Protein chains: 2
Amino acid sequence: MREVRVLEIKQSVFADNDQQADLLRQDLREKGVFLLNLMSSPGAGKTTTLMRTIEALKDTFKIGVMEADIDSDVDAQTISKSGAKVIQLHTGGMCHLDAEMTRQGLAGLETNDVELAILENVGNLVCPAEFDTGAAKNAMILSVPEGHDKPLKYPLMFTICDVVLINKIDVLPYFDFDLEKCKEYIHMRNPKAKIIPICAKTGEGIEEWSRWLTEEVTNWRRGKA
Amino acid sequence: MREVRVLEIKQSVFADNDQQADLLRQDLREKGVFLLNLMSSPGAGKTTTLMRTIEALKDTFKIGVMEADIDSDVDAQTISKSGAKVIQLHTGGMCHLDAEMTRQGLAGLETNDVELAILENVGNLVCPAEFDTGAAKNAMILSVPEGHDKPLKYPLMFTICDVVLINKIDVLPYFDFDLEKCKEYIHMRNPKAKIIPICAKTGEGIEEWSRWLTEEVTNWRRGKA
């Protein structure tokens, strides 16, 4: 196995996370770094989707990835095979990252030459939604086996996401998952959410996702977003 | 749709949750109520497993169910069709239940005639593991689509569970899930954990699970556990 760097993140001392998040966003804009905050339940396919994303965009942007987990470095090990810059963040038991924790992660990653930084947040549909990380955009992955009713049960997560990837559509025939109802529920929470069905395993839908992300990063770096 | 009761739970005022949990456990033992705390990721199949469990044990024990969610009452609506006593708990955005919140839920459920009370905790592998609810036993469901590496990433959840149900084994052929490796990882975290592969959709494995639960409830009510 490749050696990956592991950073133990310290708990934040700042009371006003929103303010810290705005400051971080401003710093990143000045440096031309687009930060994507990627969230999902455990096992929805964040790492596999990231591998596909890196494959699709590695010649377009310099990419850096922060893998946040309570423990282990299996995801960072996987990402390191893509050739992208990667760091494993350990949250010390914390169920989410806030802006200051994200800033620590970015410092550990060293973003001087990074244009697209991706934070793979802790697998959790509740707490990560409550903390602005300072990201330019929030993305989440909902996977088919989880069921189409999740926007009803985890409203905030779907409300704060700019884009929802519906992953594992290759197994749609084996689950009672109503794609149209799912889209309706997501738009009930967030009418502006972009929804892209994908299969990270086979690569289906990755082109549309990469196109969306490319446009967002480009606009951000031109100061248009 | 059937009317289900919805209880808005208040945040706890007690600093020492472990003490409150021990007190609640003692109260429940005196009343002959066995409380099971059922945890998992969102969409791992808690409600479907509960429907099967109620079907299997409804003639053996008087069963009461507390469905905890951030929002919605879809799970309580489902459980109400089983004929079991049920209440929907809304956690006010909280990502877990502690002992005092569980006590509020049990009061709302009215457990006078209940022998087996089941708390379906918020779908989350992080926070619920950190709070003793006062349950006699902790159970969790890991579903095949989530991947066999979850015990590496969410150590505490697997450490505190007495039993792990590996659900959705009907879709094993469609996922890269190594059952033996998964068992090895679970036992690495918790050598005593009972592991039962099930398929809540088809009913496979529910007999073994019901047998385990029946024995635990019976021993508890006899003061032997």
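Putting chain A and chain B together buries about 2600 Å², with carbon and sulfur atoms giving 60% of that area. Keep in mind that this is a predicted model.

**Where the chains touch**
- On the chain A side, A:Pro42, A:Lys153 and A:Tyr174 lose the most area to chain B, and together they make up 23% of what that side buries.
- Counting by residue, 33 from chain A are in contact with 33 from chain B.

**Charged and polar links**
- You'll find 4 salt bridges between chain A and chain B.
- One to look up is the salt bridge between the side chains of A:Asp75 and B:Lys153, at 2.8 Å from N to O.

**What chain A brings to the interface**
- Two helices, α3 (74-80) and α5 (150-153) of chain A, each supply at least two residues of the side that touches chain B.
- α5(A) gives the most to that side, with 3 residues.
- By type, the chain A residues on the side that touches chain B split into 15 nonpolar, 12 charged and 6 polar.

**The nonpolar core**
- The largest nonpolar core has 89 residues, and A:Ile166 and B:Ile166 are the ones with the most contacts inside it.

Conventions
Residues are numbered from 1 along each chain as its sequence is written. Chains are lettered from A and ligands numbered from 1 in the order in which they are written. This is a predicted model: local features need pLDDT of at least 70, side-chain atom pairs count only at pLDDT 80 or more; totals for chains, interfaces and linings use all residues. Side-chain values use heavy atoms; hydrogens and water are left out. A nonpolar core is a set of buried Ala, Val, Leu, Ile, Met, Phe, Trp, Tyr and Cys residues joined through side-chain atoms within 4.5 Å. Buried means under 20% relative accessible area, exposed over 50%, partly exposed in between (1.4 Å probe, protein chains only). Contact means heavy atoms within 4.5 Å. Buried area is the accessible area (1.4 Å probe) that two parts lose on being put together, summed over both. Helices (H or I, at least four residues) and strands (E, at least two) are DSSP runs, numbered from the N terminus. Ala, Val, Leu, Ile, Met, Phe, Trp, Tyr, Cys and Pro count as nonpolar, Asp, Glu, Lys and Arg as charged, and the others, Gly among them, as polar.
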